Each structure stands twice: as structure tokens, then as C-alpha cells.
Amino acid sequence: MRYFLFLILFSACIHSPDVRSQKSGDDSKNVNEPVTAVRKPKNIILMIGDGMGLTQLSAGWIAKRDALYVERCKVIGLVKTYSADDLVTDSAAGATAFATGVKTLNGAIGVGPDSLPRKTILEIAEEHGLATGLVAVCSITHATPASFIAHQGSRMMDEEIATDFLKTDIDVFIGGGKQYFADRKDKKNLIEELRKRNYQVTETIEKAIEVKSGKLAGFIANVHPDRAKSRGPVLAGASLTAINILDQNEKGFFLMIEGSQIDWAGHQNNSNYLIEEMLDFDYAIGKALDFAEKDGETLVIITADHETGGYAINGGDLEKGEMKTAFTTLMHTGAMVPLFAFGPGAELFTGIYENTAVFDKMMELYGFGK
Ligand code: MG
Ligand code: ZN
């Protein structure tokens with residue numbers, strides 16, 4: 001037995017020079033290519049924690065008294081969030097930067113500072129035959145999801161934003177905002193329009209997660225779903241539903257998932273609400289990472305559009321999961337936000353860069369050119 005093992009080892013040794021010379025032969029053919037070849041993903045899941053700065057993440061980790069799921073990501077970057085007209089961005093300009101690669105005016109949805117429409121990564125993915133989706137725990141017409149699919153001068157135009165959904169071929173969207181499709185000033189019934197275009201239209205999260213294929217318009221609230229404590233793990237359920245449907249497209253998919261209410265808790269300077277939403281978002285992150293790990297062809301990017309509340313942790317007890325927290329503002333702040341990446345192409349996201357670079361990197365990784 002030992003002799004046999006020795007033979008295997010020995011033969012491995014005499015074969016290794018061959019392997020090496022073959023490898024260097026290959027390398028010499030590729031002298032003009034970049035030194036490190038980046039593996040390209042088939043699918044990208046972009047997860048945006050609205051208002052999720054480092055302190056929000058830290059508070060989640062301390063309250064959980066255990067590692068966050070996001071800690072499974074080994075690639076980390078920092079993102080500069082300012083908009084075209086302000087050091088402190090709002091969520092519309094922040095999401096438009098990720099979606100289109102252009103810094104725009106606060107309040108603008110999928111348009112540049114000249115108010116002209118800019119194609120979004122979701123629309124470009126669609127043009128290339130990929131499946132596309134949006135998941136949020138606010139109205140699906142709210143600034144963050146809207147910036148990936150609509151083109152409007154103002155985030156306040158929920159009904160116009162709803163109309164823009166029907167100008168695309170998005171496969172799955174799950175969120176609140178049914179009233180902007182169903183009960184409109186122009187009396188149009190966009191729910192009927194969606195059905196005509198073969199969408200399965202559902203009105204509860206329970207019904208949405210029963211959908212396994214085809215197109216899905218999953219409404220989970222008339223306007224906004226409740227806070228995490230009351231709504232339950234809706235974000236994780238909606239995310240998995242979207243992933244499982246979109247993954248049936250052989251060319252790949254683009255999916256944006258938003259932890260929408262971390263920001264709202266920040267605006268309310270409400271630490272308990274914030275931690276609840278932070279952990280709810282992190283739970284959904286865990287589900288997305290489980291999928292990506294098994295799949296091997298999916299890049300998951302987790303970041304924020306900006307920080308909210310100027311949140312701080314000024315003391316506490318790690319053992320007990322207790323914190324003394326404070327907020328410095330009811331608004332957003334101009335601090336850089338963290339970005340975490342997992343899967344093929346993740347290594348492109350190390351360093352400090354502009355929010356618009358997230359779009360550029362996704363374009364490069366999909367191989368879409370610019
Ligand atoms: Mg948002
Ligand atoms: Zn906000």
C-alpha cells in the first residue's frame with residue numbers, strides 16, 4: 001500500500017514539469033491580455049440597503065450577537081455617494097448612479113442632470129436577452145427600484161413611474177404600490193394591462209411565493225409594506241421567489257433587491273426599527289449568498305445608496321447585544337458607504353470609487369460594453 005502511494009506521488013512528480021511547461025506555453029500566447037483574467041458572472045444580484053452605512057451594519061452585528069451573513073463576502077470596497085448637485089445624495093440620484101452610471105440631480109429617476117433619459121442596467125440586460133427583476137419592501141414605484149426601470153424628472157411621480165413599468169419587459173417585480181397601478185388619476189387600470197401581457201398579478205406575499213415560473217407582478221401592499229417586525233421575512237421570501245424564476249433564463253439575469261426601510265428608520269432616528277430592518281436585509285443577503293455559492297455563476301453585490309441619520313454607537317455591551325446609540329441628523333449624510341461582493345468578478349470591487357463605477361463594473365462583467 002505504501003509502495004503504491006509512493007508510486008503515485010513519484011509519477012505526480014515526474015509529470016509536474018510537463019504540466020508547468022504546458023502552462024507557460026499557454027501564458028506566452030496571451031501576453032497582450034490583462035495579467036489577471038477576471039471570471040465573468042452570468043447573473044448579477046445587486047442588493048441595496050437604503051441608508052445602510054457602517055454604523056447601521058455594526059448595530060446589526062452587535063444586536064445579533066453573532067456574525068452577519070454579509071460577513072461571508074471577502075471582497076470589500078468603499079463608495080463615494082455624492083450626487084450631481086449635492087454632497088449629500090438622495091435615494092433617487094443614488095440609485096440612478098448605480099442604474100445608469102451617471103450622477104444626476106437629487107430627486108431624478110433614471111435621467112441625467114439634463115433630464116434626458118439614460119438607459120438603465122436593467123434595460124440593457126433586457127436588450128441582451130437576460131431576465132430582469134426588482135424586489136423591494138416599499139412601493140415598487142419608490143425612488144430606489146424606480147431608478148432601475150423608469151425615467152422621470154421627479155421621484156414624486158409614482159403613477160408615471162408605474163406607467164414606465166409597462167414600457168419594459170421586466171420579468172419579476174415584487175413590492176408595494178398596487179394603488180399606483182390600480183387606482184389612478186388617469187383612470188387607466190394597469191393591473192389589467194399587466195395581465196394582458198401575461199403577468200401573473202398577485203396581491204399578497206403568500207400568493208407571490210407560490211409563483212414558480214413565467215412573469216410575475218407581485219404586489220405585497222397597497223402602498224408600503226409594514227416594518228419588518230410586523231411583515232415577517234417578506235424580503236427573503238420575495239428575493240428567493242425572484243431568483244428562482246429569473247434563473248430559468250439560460251442567458252442569465254439581473255436582479256435588484258432593496259432593504260428599503262433601513263433608511264426610514266434612520267429618518268425617524270429609531271434605533272430599534274433600524275436594527276430590525278438591518279437584520280431583515282442581512283437575512284435576505286444570506287439567502288442570496290446561499291444561491292450564489294451553489295450556483296457558482298452569480299455575482300452578488302451588496303451596498304448602500306447613502307448613510308441616513310449620521311448614526312453612531314457611543315457605548316454598550318457586546319455580550320448583552322446592547323448599545324448606546326445617537327443620531328446627528330434626520331437626513332442623509334455624505335459619508336462613503338461600504339460595498340461587499342461575492343462570486344465571479346467580485347475582485348473588481350476592491351478599493352474606493354464613485355457610485356457610478358458600480359454601473360461601469362457591472363457592464364464590464366456582463367460584457368455589454370458601454
Ligand atoms: Mg429606497
Ligand atoms: Zn432617505
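Two residues are in contact when heavy atoms lie within 4.5 Å of each other. By that rule, Ala-97, Phe-98, Ala-99 and Thr-100 of helix H3 meet Thr-356, Val-358, Phe-359 and Met-362 of helix H14. The model described here is predicted.

## H3 against H14

The axes of H3 and H14 come within 6 Å and cross at roughly 25°. Angles under 35 degrees count as roughly parallel, so H3 and H14 are roughly parallel to each other. Their crossing is right-handed. By class, the contact of H3 with H14 has six nonpolar residues, two polar ones and no charged ones.

H14 spans residues 356-366. How many of its eleven residues are buried? Nine are, and H14 is mostly covered. The buried set is Thr-356, Ala-357, Val-358, Phe-359, Lys-361, Met-362, Met-363, Leu-365 and Tyr-366. After H14 comes Gly-367, with a positive phi near 75°.

Thr-356 belongs to H14. Is Thr-356 buried or exposed? Its relative accessible area is 13%, and buried means under 20%, so Thr-356 is buried. Leaving aside residues up to four places away in sequence, Thr-356 touches Ala-97, Gly-101, Val-102 and Lys-103.

## Helices that pack on H13

H13 covers residues 271-295. Helix H11 (residues 234-246) packs against it. So does helix H2 (residues 54-64).

| Helix pair | Angle between axes | Axis distance |
|---|---|---|
| H11 and H13 | about 25° | 8 Å |
| H2 and H13 | about 90° | 9 Å |
| H3 and H14 | roughly 25° | within 6 Å |

Take H11 and H13. Their axes are 8 Å apart, at an angle of about 25°. H11 and H13 are therefore roughly parallel to each other. The crossing of H11 and H13 is right-handed. On the H11 side, the contact uses Leu-235, Ala-236, Ser-239, Leu-240 and Ile-243. On the H13 side, it uses Asp-280, Phe-281, Tyr-283, Ala-284, Lys-287, Ala-288 and Phe-291. By class, this contact of H11 with H13 holds nine nonpolar residues, one polar and two charged.

Now take H2 and H13. They pack at about 90°, with axes 9 Å apart. That makes H2 roughly perpendicular to H13. H2 brings Gln-56, Leu-57, Ala-59, Gly-60, Ala-63 and Lys-64 to the contact. H13 brings Leu-274, Ile-275, Met-278, Leu-279 and Asp-282. The residues of the contact of H2 with H13 divide into seven nonpolar, two polar and two charged.

## The nonpolar core

The largest nonpolar core has 108 residues. Which of them touch the most other members? They are Phe-148, Phe-173, Phe-254, Ile-302 and Phe-349. H13 gives the most to this core, with eleven residues.

Phe-173 shows what such a position looks like. Not counting residues up to four places away in sequence, Phe-173 touches Leu-134, Ile-140, Phe-165, Phe-181, Leu-194, Tyr-199, Leu-216, Ala-217, Gly-218 and Phe-219.

Thr-81 sits in the loop between strand S2 (75-80) and H3. Thr-81 is buried, with a relative accessible area of 2%. Its contacts, again without residues up to four places away in sequence, are Thr-89, Lys-103, Asp-305, His-306, Gly-334, Ala-335, Val-337 and Asn-355. Thr-81 and Met-362 are 281 residues apart in sequence. In space they are 17 Å apart, C-alpha to C-alpha.

Where does Ser-115 lie? It is in the loop between helix H3 (91-100) and helix H4 (121-127). Ser-115 is exposed, at 52% relative accessible area. Its phi is near 60°, a positive value in a residue other than glycine.

Asn-198 is found in the loop between helix H8 (190-196) and strand S5 (199-202). Its phi is positive too, near 70°, in a residue other than glycine. Asn-198 has a relative accessible area of 61% and is exposed.

Methods: Residues numbered from 1 in each chain as written. Chains lettered and ligands numbered in written order. Predicted model: local features only at pLDDT ≥ 70, side-chain atom pairs only at ≥ 80, totals over all residues. Heavy atoms only, no water. Axes fitted to C-alpha atoms, helices over the stretch in contact; angles between N-to-C directions. Helix = DSSP H or I, 4+ residues; strand = E, 2+ residues; numbered from the N terminus. Parallel < 35°, antiparallel > 145°, perpendicular 65-115°, else oblique. Left-handed = near helix turned anticlockwise from the far one by under 90°. Nonpolar A, V, L, I, M, F, W, Y, C, P; charged D, E, K, R; others polar. Core = buried A, V, L, I, M, F, W, Y, C linked by side-chain atoms within 4.5 Å. Buried < 20%, exposed > 50% of the residue type's maximum accessible area, 1.4 Å probe, protein only.
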